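My notes follow in the order in which I looked things up.

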Amino acid sequence: MSTLTAAHGLSALAAAAPADRIPAPHIEYAQLAPTLIVVGAAVLGVLVEAFVPRRSRYHVQVFLAVAALAAAFAAVVGLAAGGYASDKARIAAMGAIAVDGPALFLQGTILLASVVAVLTFAERRLDPAAHGNRVDSFAAQAASVPGSESEKAAVKAGFTTTEVFPLALFAIAGMLVFPAANDLLTLFVALEVFSLPLYLLCAVARRQRLMSQEAAVKYFLLGAFSSAFLLFGIALLYGYAGSVSYAVIADVVDGTVQTVDPALADTMGNDALLLIGGALILTGLLFKVGAVPFHMWTPDVYQGAPTPVTGFMAAATKVAAFGALLRLLYVVLPGLRWDWRPVMWGVAIVTMLAGAVIAVTQTDVKRLLAYSSIAHAGFILAGVIATSAQGIQSVLFYLAAYSFVTIGAFAVVTLVRDAGGEATHLSKWAGLGRRSPLTAAVFAVFLLAFAGIPLTSGFAGKFAVFKAAAEGGAGALVVVGVISSAIAAFFYIRVIVLMFFSEPKADGPTVAVPSPLTMTTIAVGVAVTLVLGLAPQYFLDLAGQASTFVR
Amino acid sequence: MSFPLLTVTAVVPAVGAVLTAAVPAARRTAAKWLALLFSLATLALAVLVAVRFEPGGARYQLTESHAWIPDFGVRYELGVDGIGVALIALTALLIPFVIAAGWHDADPLETNSSRWRPTQGFFALILLVEAMVVISFEATDVFLFYVFFEAMLIPMYFLIGGFGDRAHSGSDENAAAQRSYAAVKFLLYNLAGGLIMLAAVIGLYVVAGNFSLQEITAARAAGTLDMATNTERLLFLGFFFAFAVKAPLWPLHTWLPNAMGESTAPVAVLITAVVDKVGTFAMLRFCLGLFPDASKWATPVILVLALISIVYGALLAVGQRDIKRLVAYASISHFGFIILGIFAMTSQGQSGATLYMVNHGLSTAALMLVAGFLISRRGSRLIADYGGVQKVAPVLAGTFLIGGLATLSLPGLAPFVSEFLVLVGTYARYPVVGIIATVGIVLAALYTLVLYQRTMTGPVKEEVRAMPDLHLREMLVVAPLIALLIGLGVYPKVLTDIVNPAVEYTMSDVKRTDPKPEVAVEAVPAKNGEAAK
């Protein structure tokens with residue numbers, strides 16, 4: 001009885017309050033369509049898991065994922081064509097999401113990269129069929145203990161983890177929001193939305209499951225750690241500005257807001273909060289980017305995760321995280337430029353050098369690519385530091401170029417196999433060029449692009465960021481950049497030497513013949529690498545038009 | 001729009017490379033003929049370029065200009081001056097010989113693998129290198145030049161590492177390891193040089209706002225583009241470093257003996273006679289053109305380094321036991337002469353240097369290819385393994401001798417003219433340097449003649465007793481080269497006419513005039529007051 005009264009009283013209270021006190025949020029559904037489509041498909045994917053019979057789930061999921069990503073990309077193109085990338089750029093969803101050039105460009109990049117990455121998720125021809133069932137890179141049943149009876153039973157029954165598709169879609173949805181987030185809370189929510197599915201995806205490798213689970217735990221712990229940094233930074237910035245909105249914080253930093261929130265009268269405008277809060281948020285983002293000294297998780301996670309997931313993560317996460325970093329530095333903290341630039345200089349230099357130097361000693365292909373991705377994060381940071389429209393343009397271009405090379409390279413890694421699954425130890429790659437010249441040549445193209453050899457997309461991207469950095473007065477950074485490029489070239493070349501100039505070993509790995517899915521991924525990777533290397537102008541224009549943040 | 005002759009000259013070998021690579025594994029011979037055909041077509045185009053080029057005309061001719069990457073300020077701009085014409089002709093001329101000489105170098109040892117196609121790859125890579133070298137000689141956009149300057153390393157690297165000399169001492173595995181060491185060393189040296197140049201290229205853009213050689217040179221000459229002294233010097237050093245690695249100049253030369261020693265003779269010719277020329281060519285075109293003041297500032301140091309190259313390279317050549325490494329060190333000595341001629345900043349020196357590039361290409365090709373034939377017969381690169389060859393293979397010995405004599409610049413053969421010009425040009429401005437450089441000539445006589453004496457004369461060694469003489473294909477390779485060496489030695493005017501106007505432009509870039517001969521200086525003022533200023 002008393003509860004009823006209480007409930008009644010509550011509703012009476014709500015009814016008593018004037019309706020205009022809590023306005024219904026105004027949401028521009030059309031402008032958020034790319035994200036909404038992906039989220040919707042992810043939810044549908046979960047329902048598919050629940051209701052569609054096991055044998056047809058795989059096909060439904062693959063179709064759903066690819067169709068949703070394609071539709072979302074079409075929505076991005078539509079928005080960009082409708083002028084939202086330039087003059088109609090605006091802040092949507094009550095100030096939470098920015099719809100502007102950088103956001104749309106990065107969302108387009110993430111979606112395209114995701115399409116090709118999802119194709120490698122769906123690959124089922126690499127491993128020999130188990131008990132008459134085609135298998136993919138993912139565990140039969142992630143919940144069963146590795147090596148246990150339940151695992152064997154799951155394999156025998158032909159179970160597959162089709163949950164990876166909705167998980168990937170959720171991650172992609174988070175990534176789409178991350179670079180578009182226009183307040184700190186949305187930023188945090190997006191971070192968690194894309195991180196949690198990734199932790200899971202890392203843990204579900206079919207082969208070497210213990211390593212995969214170890215990688216997932218490491219990723220989760222360090223990821224949680226970085227989330228904590230980010231959240232703490234958000235709290236401090238809120239204390240400083242009295243708001244989590246990017247625009248308001250930027251105004252407070254610039255000193256244009258004079259009204260002080262009475263509840264925060266003691267702290268508002270306190271520079272210590274701003275500096276510490278900004279630094280903590282940057283720390284959280286640099287974690288995701290994989291910049292030194294926050295890079296420790298990268299090699300372990302890249303090595304342990306199922307290779308298709310590694311490729312997806314290495315490309316899409318980097319794009320999303322750099323997008324968020326750019327927006328934070330260019331929209332929220334431009335007034336603090338003279339404080340963060342020296343720090344970011346240091347981070348960029350250390351990242352470039354450490355990534356390149358440590359990579360030299362690696363003996364595992366996936367770890368090698370992990371350290372190379374760290375070095376590349378350093379190169380991209382050089383463009384971020386430029387603090388100019390050219391800087392944004394160069395970073396956008398670099399991210400687009402880099403993602404396709406990365407996904408392509410990891411897709412090639414999935415093909416080289418021996419009895420234990422993928423043969424990732426470098427010694428096993430000896431003489432690959434003799435056994436399968438085409439595979440080795442394709443991988444060589446990707447390595448040359450990583451090394452930034454002219455006529456590949458890697459060179460165009462590197463040139464763009466270094467040019468932007470030099471124009472921004474960071475000549476020393478460019479010199480460090482070319483030195484670490486020279487060091488990095490050494491280990492890329494070493495792999496090429498191994499593939500082409502070493503004698504093949506008798507018990508060497510074989511190159512699996514993939515289905516058209518992986519072939520498409522690799523072909524797209526090669527095509528993008530060469531097109532962006534030979535004729536980058538169109539894409540530079542695109543990135544240039546997209547290089548203005550809405551405030 | 002006129003016919004894009006320069007583009008076509010570079011595209012034809014590239015197309016040839018693609019087609020050659022696509023030939024099925026079993027049709028090896030077809031691939032060879034296809035490659036030869038395309039190299040001859042390129043030669044015909046290069047001749048056409050030389051014919052259409054008017055020595056007295058504009059500085060850059062047959063120009064083409066298209067937008068490429070406006071965002072980077074990059075245009076696809078081609079144009080040749082006399083120096084470019086000469087070097088394109090040299091490149092196009094040598095490639096057919098390289099292909100013919102390497103006819104059997106890349107035949108697979110075992111025919112069991114159907115998908116491994118080394119022969120097709122070998123010839124395709126040679127043509128690809130040719131295409132990239134030609135376009136580097138044509139590019140008048142710094143970025144365009146840089147792209148191909150860097151990109152040509154990759155096919156070169158595969159040529160060195162993938163197709164080693166079959167005449168090696170020790171086990172196959174050991175030879176493979178040495179070969180891949182040589183290839184990696186080649187690539188890392190050149191890549192490091194190239195990346196440092198990249199920083200300078202970006203710096204140049206920040207200063208100048210575009211990459212057009214002609215625009216920047218013109219702006220520099222008109223004084224509308226100011227560079228701070230230090231900026232210019234740093235940029236100059238960035239460019240020069242890359243070219244000095246490529247050329248190669250002491251102390252950046254150590255990759256060359258490895259690369260030339262481990263690769264097959266035709267590839268060694270490709271490295272030293274063709275690809276390395278891009279380095280010295282670029283010094284003339286880019287270092288002097290873009291950074292005249294810094295070039296003058298750096299001259300003393302560069303001259304000293306060039307002198308060291310000349311003497312050091314020659315001394316090491318004297319001490320070599322390996323024929324191919326001997327030729328490599330001799331080349332280092334010769335590159336010293338070329339760089340000396342360029343930085344003496346006299347028209348004689350620079351004309352001489354340009355001729356030297358061409359003649360060194362011809363003489364080294366002759367010597368190295370014959371040496372390759374010799375080595376393939378005996379299966380050894382060591383000088384000590386030979387003796388008395390002239391008795392069993394007189395034609396081989398005779399051509400070897402002519403190649404050697406050309407290397408030591410015997411009067412009557414082409415290299416004499418260029419070496420003489422370089423020395424005269426250097427002496428006119430830096431007498432002491434000129435005198436020291438002549439030591440190189442003496443040492444050249446020593447290493448070539450000792451090489452000849454040890455391998456060709458003396459008692460016939462047991463292992464060479466059954467050595468066959470040059471057969472038809474090999475003679476066809478060597479005879480035209482020797483004819484050219486003699487022809488250009490007797491009548492160098494065909495080359496100097498093309499080269500001299502270009503050199504005059506370069507001299508005006510650096511605002512240098514030739515020092516007047518000392519004897520004349522006393523006589524002239526009395527007769528004619530005008531000449532005194």
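**Entry 1: the hairpin of chain B**

I began with two paired strands. Strand β1 (residues 61-69) of chain B is joined to β2(B) by six bridges, and the two run antiparallel. Strands here are DSSP runs of E with at least two residues, helices are runs of H or I with at least four residues, and both are numbered from the N terminus. I count two strands as paired if DSSP finds at least two bridges between them.

A note on the source: this is a predicted model, so local features need pLDDT of at least 70 and side-chain atom pairs count only at pLDDT 80 or more, while totals for chains, interfaces and linings use all residues. Residues are numbered from 1 along each chain as its sequence is written, and chains are lettered from A and ligands numbered from 1 in the order in which they are written.

I then looked up single partners. Ser65(B) has Glu77(B) as its bridge partner in β2(B). Glu64(B) stands opposite Leu78(B) of β2(B). Four residues lie between the strands of this hairpin, and Gly73(B) takes a positive phi near 70° there.

Is β2(B) enclosed or open? Six of the seven residues of β2 (residues 74-80) of chain B are buried, so the strand is largely enclosed by the rest of the structure. Buried means that 20 or more other C-beta atoms lie within 10 Å of the residue's own; with 12 or fewer a residue is exposed, and in between it is partly exposed, the C-beta atoms being placed from the backbone.

**Entry 2: chain B as a whole**

I counted 22 helices and two strands in chain B. Its C-alpha trace spans about 70 × 55 × 40 Å along the principal axes.

Of the 533 residues of chain B, 59% count as buried. I also looked at contacts, meaning pairs of residues whose C-beta atoms, placed from the backbone, lie within 7 Å. Among contacts in chain B with a separation of 6 or more, 82% are between residues 24 or more positions apart.

**Entry 3: chain A as a whole**

Chain A has 21 helices and five strands. Its radius of gyration is 24 Å, close to the 24 Å that the globule rule gives for 551 residues, so chain A is as compact as a globular protein of that length. Its C-alpha atoms fill a box of roughly 80 × 70 × 40 Å along the principal axes. I find 59% of its 551 residues counted as buried.

Next I checked confidence. The pLDDT, the predictor's confidence in each residue from 0 to 100, averages 87 in chain A, and 96% of the residues score at least 70. Over residues 1-16 of chain A the pLDDT is below 50, and this stretch has zero contacts in the model beyond near neighbours in sequence.

**Entry 4: a sheet and a helix in chain A**

Which order do the strands of the open sheet take? It is β4-β3-β5 (chain A), three strands with antiparallel pairing. At the edges stand β4 (421-422) and β5 (510-511) of chain A, each with a single partner strand, so one side of each is left without a neighbour in the sheet. Two bridges join β3 (residues 416-418) of chain A to β4(A). Arg417(A) stands opposite Glu422(A) in β4(A).

I moved on to helix α11 (residues 297-304) of chain A. Seven of its eight residues are buried, so α11(A) is largely enclosed by the rest of the structure. Trp297(A), Pro299(A) and Tyr302(A) are among the buried ones. The cover over them includes α7 (184-202), α8 (209-241), α12 (307-332) and α14 (365-384) of chain A.

**Entry 5: where the chains meet**

I find 28 residues of chain A in contact with 30 residues of chain B. On the side of chain A that touches chain B, α17 (437-451), α18 (457-471), α19 (475-501) and α21 (537-545) of chain A each supply at least two residues. α19(A) gives the most, with 12 residues.

Notes: Two residues are in contact if their C-beta atoms, placed from the backbone, lie within 7 Å. The radius of gyration is taken over C-alpha atoms; the globule rule is 2.2 Å times the number of residues to the power 0.38.
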